[in-house]
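Have the sequence and the 3D view open as you read.

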Amino acid sequence: MIGVTYDVRVKRIIAILKGPVCSWNRCTFCCFYEEAAKDLGDLIQTAKDILLKIKELMREKPVDRLSFFNGGSFFELPFSVVSDLSQVTKQKSVEIESRPEFLELESIYHLYKILDPRRLVIRVGFESIDDKIRNSFLMKRISDGEVRRIVELRDCMKNEFDGEVDFIAYVLFGINGIDDKSIMASVKEFNKHLDGVIAVKYRMYHEWMPEEIGVSQSLLEFLIENCLDVDMAESDIWRISNPQ
Ligand code: SF4
C-alpha cells in the first residue's frame with residue numbers, strides 16, 4: 001500500500017514510497033515490484049506527495065519514529081528524494097530497508113549525514129541463516145560471506161557512531177519449505193550478531209509463489225519472546241496496490 005500511516009502507540013509514521021523495481025528482483029517470495037514506480041517522474045511525485053502528508057501529520061501529532069519502505073533498498077532511491085526526506089528526519093529514529101550490497105561504511109556515513117537522525121535503523125532481509133534456504137529456495141543471492149561482512153560492518157559502525165546505527169534482520173516464517181527448527185535457529189543466530197530480529201509472516205499473493213502455511217503456537221510464542229516484532233503481515237501496509 002503506497003502512502004502513510006501513523007501508529008499512535010509508538011508515535012511512529014510509516015511511509016511506503018514508490019521505488020524503482022528492486023535491482024535484484026529475483027526472490028521467490030516477493031512481488032513488491034508490482035508497486036514500483038512507472039517511471040522517475042512517478043517516483044519523485046509520489047515521494048513529494050508522501051512528504052507533504054508526513055509534514056501534515058508531524059504538525060498534528062507527536063512523531064518519534066519514521067519508517068521508510070520502498071519495495072527494495074532505500075539506497076536505490078534517487079538522491080533528490082533522499083534529500084527531500086531529510087526535511088522530516090532530523091533527530092528522529094529513522095528506519096530503512098536495504099540489501100547488503102548497498103551497505104558500506106561510506107554509504108551509511110553519507111546517508112547518516114544527510115538524514116541527521118537520532119538513530120538510524122537498517123533492516124536487512126536475510127530471511128534465514130541457512131545458506132541453502134536463503135539462496136537455493138528463497139533466491140536471495142546473499143552468501144554466508146556477505147552475512148559475515150554485514151556483522152563486521154555493524155560492529156565497526158557501533159564504534160564509529162557510538163551505537164546510533166542498528167542492524168536488524170528480517171526472518172521469514174509461515175512459508176512451506178522452512179521448518180520451525182530452522183526459523184528458530186535463524187532468530188537465535190541473528191540475535192547473537194545483530195541488534196535484533198523482526199519476524200515476518202509470509203503471504204502468498206500469486207499461484208507461482210511458494211505455498212503459505214499455518215504457524216504453530218509454539219513457534220509463535222518463541223517469536224514473540226525472541227523478536228523485536230512479529231509482523232503477521234495483516235496490516236494494510238501489506239496490501240499490494242497494483243496486483244497484475
Ligand atoms: S531483495 Fe527484497 S525487494 Fe528485492 S526481490 Fe528480494 S525481497 Fe524483493
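A residue counts as buried if 20 or more other C-beta atoms lie within 10 Å of its own, exposed if 12 or fewer, and partly exposed in between. Asp116 has 13 other C-beta atoms within 10 Å, so Asp116 is partly exposed. Keep in mind that this is a predicted model. Asp116 isn't a glycine, yet its phi is positive, at about 50°. You'll find Asp116 in the loop between helix 3 (105–115) and strand 5 (119–127).

Lys11 is another non-glycine with a positive phi of about 50°. Lys11 sits in the loop that links strand 1 (3–7) and strand 2 (12–16). With 15 other C-beta atoms within 10 Å, Lys11 is partly exposed.

## The core

The largest nonpolar core has 59 residues, and Val171, Phe173 and Ala199 touch the most other members. Strand 6 (residues 165–173) supplies the largest share of this core, seven residues. Beyond its neighbours within four places in sequence, Phe173 contacts several residues, including Ile183, Ala199, Leu219 and Leu223.

## Helix 6 against helix 7

How do the axes of helix 6 (residues 180–193) and helix 7 (residues 217–226) cross? They come within 11 Å at roughly 5°, which means helix 6 is roughly parallel to helix 7. By class, the contact has six nonpolar, two polar and one charged residues.

## Around the ligand

The residues surrounding the ligand include Cys22, Trp24, Cys27, Cys30 and Arg99. This shell divides into five nonpolar, four polar and two charged residues.

Conventions: Residues numbered from 1 in each chain as written. Predicted model: local features only at pLDDT ≥ 70, side-chain atom pairs only at ≥ 80, totals over all residues. Near = placed C-beta within 6 Å. Nonpolar A, V, L, I, M, F, W, Y, C, P; charged D, E, K, R; others polar. Core = buried A, V, L, I, M, F, W, Y, C linked by C-beta atoms within 7 Å. Helix = DSSP H or I, 4+ residues; strand = E, 2+ residues; numbered from the N terminus. Contact = placed C-beta atoms within 7 Å. Axes fitted to C-alpha atoms, helices over the stretch in contact; angles between N-to-C directions. Parallel < 35°, antiparallel > 145°, perpendicular 65-115°, else oblique.
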